[in-house]
Amino acid sequence: MTRSSARHLLPLFIACVSLSGCAENIGEVTLDAENETNDEDGDDDDKKEGKVRHSSSDGVTMTLVDSTDEEAWVYLDLDAADEGEASGELDEDESGWDLGLRRFEIKLNGGISGDEEVELGYSENADFDALSEPPQDLVWITDGDTVDEDGQAVLAFDDWYDYNVMTHTLAPKARVYFVRTSNAQLFKLAIVDYYSTAGSPGHLAFKWAPI
Amino acid sequence: MRYSLILGILAFAVGEPSSRAAPPQERAPIRDGTSAAGERESPEGQVRTIIVSTGTRTERDAATTPIATDVVTREEIVNSGAENVAEALEESGASIQTSTSFNGTSLALRGLNAEQILILIDGQRVTGRVGGGIDLRRLTVENVENIELVYGAGSVLHGSDALGGVVNIITRKPDPGLQGELHGTFGSRMTADASARIAGGWKRVGLYATGGYHRTDGWDADRSDVATTGDAWEQFNVGAGARIQPSSRFRVDMSGDYMQRDSNGIDGTNAGAILDRRNLTETVNATISPQWIGRDNRLRLNLHYNDFRDQFRQDQRGDVELDKYEPTRDQLAQLGLQLDQSAGAHVVTTGLDAQLEWLETTRILADGSKPAADRQRAAIFIQDEWTPHQLPRVVVLPALRLDYDTQFGLYPTGRLALMVAPRDDLTLRVSYGRGYRAPSFRELYLAFANPGVGYRVAGNPNLQPEQAWTLDIGATWAPSDRLSLRASIFDNQLRDLMTVDLVNQSGVDGLDTFTYINVGAGFSRGVETGATFKVLPDVELASSYTLLHARTLDTDEPLPGRSPHQGTVALRFHRPKWGTRLTIRGRVQGKRPFSSADGSPEYADPFATVDARISQTMLRYCTAFVGVDNMLNAGDSRLLLMPPRSFYAGITLRY
């Protein structure tokens, strides 16, 4: 009886162990391509052409930038974009860019980031639509003009967001920025969002207008 | 089982009838394997004896074991309607707290969290910690005999992770004769549980086989968004085991099981992303345990293999940016050799434990590049159960253990326990010992980056274990067959706790780097009291109360998620002549602190749950039952993830 039982039990144990890993591989599930576009307006062609898209209404331009790349910056020439003939997106080696964007970082073409003296100032809790000129006491800064608590030089756009440590999300501060571009034009600018409509980070949205 | 009570200024507490103090034994014996952990029926009218093994690694009467041990018995599990270990503990009067997340339901004891609690099955470590804890919902109860709980540091016998306590799930063994059991339950949210067990025991051989199928639709406590609160899941499990005993001096126990669980839920992020989440989890266990039983000694060998596989898939709706597929495989091989030697007033237990663990997961990066890690552990231990005096019974229990871990080297632990039973109805226990928790693979090698908001969390290969020194003083008093009282005070001093801290701001890739460091310290102390009172021959009242004071030393904040006040009450009616059982249970937890965005504690509201169940046994082999869980519909979608009010009915056929 004992030997017989042992003989029959051994295959049972082998069967138990061999069951491990018999479940389906759910990593090979094909995603539904129709539902996986990140295009805000459903126009795939726009997305393929570049990482910057604009839409205008009542003299205010809303710009969406795909800054999801963790290494490459997206360079934007606000002057060219304002003329409406191009998106304003430039290559890294082109001159005339005003803003560089990478994930949540925004740099200016001035100070420690560039040579074209782009600078900004900002007003806290201001009404974007009501502002038609910078305040008299506006402080103009560019990248590297300010330092953090450790004395390290920081970007002028360093603290455009509030970080929620519980949800690990970024929310734009209620600021209106004034940007003096490489062509010495003046724009007002407010950051609207950092997330796409699908909730993905690295999709900076900001509205801006010449003043 | 420990039940405690404090009602206002009155504290009267009684143990469960199953944990009522039995008369002290004449001497601590070396039991043979046939008296392995389980419940033993005594002659009619006498107190039953429950055998436990977690506190001493030797089989002892729960009422007189030197280390206080709570037991949730098979009878209590069945009568509670629990289908898994999480439910069995929640439905018991034990001083526990459970918390549910998408990682499952995990356990906290005396203010210490899930990763500081060791979960065993038949003394063998369970692997597959996700988010730090073992998901107790995946451990079904159809083959569970008892669940033993030992509070406080237990590393001296069980090694790492036994910092705040040990939960040992004891499986059912085939009794003599043929036994069969069919069980089916159907309830709210299409929840279905079906299980079967067949077992047979003869003189030389005992065999059993079990199988179960469980499913539920899950739930949503917040209908304002797409996200769900409780996962829908489906699970099946099969298992088999054998006892082979060629002679009275030698026996071999073998067991094996397989479980597969498929969970699905929908998460919503604060940034507006909707994520379809799926976990497909499998576990395999295989154990062979031969033992040789002599007149004054016993030698046991345990060989155990545990394989945990989990596939985590996250599919973002409308984008692929947050899509993830993370397979994890955690394998653990354990070898244990233990000799129990009786010599006069001493029972000396010596042993050797060895473990090999392999982890493969994309969540870690060992040695800078490998998504896999391994570790080996070896330990020797010795314990002397010295009974210098029989009447009154006095037991002194010193124990020492030395662990070697390939991650951090040697680690010694020790414990000294004393039990005195000055009268038959009174037992006093004191123990003081050290426990530790080795850094997990996640804490050693985690590689998590969130470039979207500019930070990464990296593991720290130089971490040292967390440690706790535990003092436990308790008393059990059963002045009559109708009343028993129990109380204990405890103090856990926690050191070298692993916490996450910023170590490199704006590193080479522009990300702030956080890592784990051993700087945390804290304490957890409190009082547990309990009472059981047989109001009428068929009516019993049981209640418990726990007062907990747990804070961190560095920030002087309360440990999150722990209620300072917790109580249970149960009213049971059982008339054997009618075959009728009625149970109404309540559990109350006071406000619980949580960390808030500004660092100050935020408090979740107190809550109460009430469950009721009635069962009727008919035609000797058949029991039908109906019940309702969470009658008050407690729970929310944020801080108290608890299934809403649920109704169920079912039937059990038992031969």
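**Close-up views of a predicted two-chain model**

A:R103 sits in the loop that links β5 (99–102) and β6 (105–108) of chain A. This is a predicted model, in which local features need pLDDT of at least 70, side-chain atom pairs count only at pLDDT 80 or more, and totals for chains, interfaces and linings use all residues; side-chain values use heavy atoms, with hydrogens and water left out. Residues are numbered from 1 along each chain as its sequence is written, while chains are lettered from A and ligands numbered from 1 in the order in which they are written.

View 1. A:R103 has a phi near 50°, a positive value in a residue other than glycine. With 5% relative accessibility, A:R103 counts as buried (buried: under 20% relative accessible area; exposed: over 50%; partly exposed: in between; 1.4 Å probe, protein chains only). A:A184 is not a glycine either, yet its phi is positive at about 65°. A:A184 belongs to the loop between β12 and β13 of chain A (strands are DSSP runs of E, at least two residues, and helices are runs of H or I, at least four residues, numbered from the N terminus). A:A184 counts as exposed because its relative accessibility is 57%.

**View 2. Strand β13 of chain A and its two partners.** Strand β12 (residues 175–180) of chain A runs antiparallel to β13(A) and is joined to it by four bridges (two strands pair if DSSP finds at least two bridges between them). Across this pairing, A:Y177 has A:L189 as its bridge partner. Five residues lie between the strands in the hairpin of β12(A) and β13(A). Strand β14 (residues 201–210) of chain A also pairs with β13(A) in the antiparallel sense, over seven bridges. Here A:A190 is opposite A:K207 of β14(A). The hairpin of β13(A) and β14(A) has five residues between the strands, and A:G199 in it takes a positive phi near 90°. Eight of the 10 residues of β13(A) are buried, and the strand is mostly covered.

**View 3. Nonpolar cores.** The largest nonpolar core has 44 residues, and those that touch the most other members are A:L99, A:F157, A:W160, A:L189, A:I191 and A:F206 (a nonpolar core is a set of buried Ala, Val, Leu, Ile, Met, Phe, Trp, Tyr and Cys residues joined through side-chain atoms within 4.5 Å). Strand β13 (residues 186–195) of chain A contributes the largest share of this core, five residues. Apart from its neighbours within four places in sequence, A:I191 is in contact with A:I106, A:F157, A:W160, A:P172, A:Y177, A:L204, A:A205 and A:F206 (contact: heavy atoms within 4.5 Å). A second, separate core has 29 residues, among them B:A82, B:I134, B:L136 and B:Y151.

**View 4. A nonpolar patch on the surface of chain B.** The patch consists of B:I288, B:W292, B:L299, B:L303, B:L335, B:L337, B:L339, B:L352, B:I380, B:L402, B:Y404 and B:L410, with about 980 Å² of accessible area together. Patches are made of residues with over 30% relative accessible area and no salt bridge, where like charges are joined within 9 Å and nonpolar side chains (Val, Leu, Ile, Met, Phe, Trp, Tyr) within 5 Å. A salt bridge is a side-chain nitrogen of Lys or Arg within 4 Å of a carboxyl oxygen of Asp or Glu. Accessible areas come from the Shrake-Rupley method with a 1.4 Å probe; for residues, only the protein chains shown count as cover. At least two residues of the patch come from each of β16 (274–293), β17 (297–316), β18 (324–343) and β21 (393–405) of chain B. The most come from β18(B), which gives three residues. B:L339 is located in strand β18 of chain B and, at 32% relative accessibility, counts as partly exposed.

**View 5. A five-strand open sheet in chain B.** The strand order is β4-β9-β10-β7-β8 (chain B), with mixed pairing. β4 (70–72) and β8 (124–125) of chain B are at the edges with a single partner strand each, so one side of each has no neighbour in the sheet. Strand β7 (residues 117–121) and strand β10 (residues 165–171) of chain B pair in the parallel sense over five bridges. B:L120 has B:N168 of β10(B) as its bridge partner.

**View 6. Strand β28 of chain B and its partners.** Strand β25 (residues 455–458) and strand β28 (residues 512–536) of chain B pair in the parallel sense over four bridges. Strand β27 (residues 483–504) of chain B runs antiparallel to β28(B), joined by 19 bridges, and B:F490 is opposite B:G526. Strand β29 (residues 539–552) of chain B pairs with β28(B) in the antiparallel sense over 14 bridges. The hairpin of β28(B) and β29(B) has two residues between the strands.
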